[in-house]
Every structure is written in C-alpha cells, then in structure tokens.
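Here is a quick briefing to read with the model open in your viewer. Take a look at the fold, then work through the points below.

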Amino acid sequence: MKALFSLAALILCAVPAHAACTYPTAPTHIPDGATATLADMVAAQKAVKEFDQQITEYTNCIKLE
C-alpha cells in the first residue's frame, strides 16, 4: 500500500512539469501532389512550415522546464 501511495504521489508531482508547454496540432490535410493545384500545395507548405515553427517553440519550452 505504501508503494502504491508513493507511486501515486510521484505521478501527481511529475504531471504539471510540462503543463505550460502545449503540443501543437499537426496539419490535418496534406494534398496529393499528383492531383493538387498549386494553390493547394502552397497552402499545405505554409501549414507545414507553421507546424515546424510551433514544434520548435514547443521543444524550446520543454528544454526550459
């Protein structure tokens, strides 16, 4: 019982460690390059670049904690 209590206390103390860092949501739609229009591909490229920037910010946040 003491081991279970210790484990629960450890988990509860560890959970808020990364609460300030929010993992970004990946782009949901990547068009098929064989059939997509240029506008669709450019929009997808912008979404992926933005996601990459958000991942970098998330990683930096984790490193600070």
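Leaving aside its neighbours within four places in sequence, which residues is Cys61 in contact with? Cys61 is in contact with Ala20 and Cys21, where contact means heavy atoms within 4.5 Å.

Before going further, some ground rules. This is a predicted model, so local features need pLDDT of at least 70 and side-chain atom pairs count only at pLDDT 80 or more, while totals for chains, interfaces and linings use all residues. Residues are numbered from 1 along each chain as its sequence is written, and side-chain values use heavy atoms, with hydrogens and water left out.

**Overall picture**

- The chain has two helices and zero strands; both kinds of element are DSSP runs numbered from the N terminus (helices are H or I with at least four residues, strands are E with at least two).
- Helix α1 covers 2–14 and helix α2 covers 38–64, with a loop between them.
- Of the 65 residues, 8% count as buried (buried is under 20% relative accessible area, exposed is over 50%, and partly exposed is in between, using a 1.4 Å probe and protein chains only).

**The disulfide**

- You'll find one disulfide in the structure (a pair of cysteine sulfur atoms within 2.5 Å).
- Its partners are Cys21 and Cys61, with sulfur atoms 1.9 Å apart.
- Cys21 sits in the loop between α1 and α2 while Cys61 belongs to helix α2, so the pair ties together parts that are 40 residues apart in sequence.
- The torsion about the S-S bond of Cys21 and Cys61 is about -85°, so this disulfide is left-handed.
- Cys21 counts as buried at 8% relative accessibility, whereas Cys61 is partly exposed at 22%.

**Around the two cysteines**

- Not counting residues up to four places away in sequence, Cys21 touches Tyr58, Cys61, Ile62 and Glu65.
- Cys21 and Glu57 are 36 residues apart along the chain, and their C-alpha atoms are separated by 8.9 Å.
- For Cys61 and Ala20, 41 residues apart along the chain, the C-alpha separation is 8.0 Å.

**The aromatic pair**

- Searching the whole structure turns up one aromatic pair (rings of Phe, Tyr and Trp, the last by its six-membered ring, pair if their centres lie within 6.5 Å; planes under 30 degrees apart count as stacked, over 60 as edge-to-face and the rest as tilted).
- That pair is Tyr23 with Tyr58, edge-to-face, at 5.1 Å centre to centre and 90° between the planes.
- Tyr23 lies in the loop between α1 and α2 and Tyr58 in helix α2, so this pair ties together parts that are 35 residues apart in sequence.
- Tyr23 is exposed, with a relative accessible area of 52%, while Tyr58 is partly exposed at 22%.

**Other spots on helix α2**

- Ile55 is in helix α2, and leaving aside neighbours within four places in sequence, Ile55 is in contact with Tyr23 and Pro24.
- Ile55 and Thr25 are 30 residues apart in sequence but 9.2 Å apart in space, C-alpha to C-alpha.
- Asp40 is also found in helix α2, and at 40% relative accessibility Asp40 counts as partly exposed.
- The C-alpha atoms of Asp40 and Ile30 are separated by 8.6 Å, with the two residues 10 apart along the chain.
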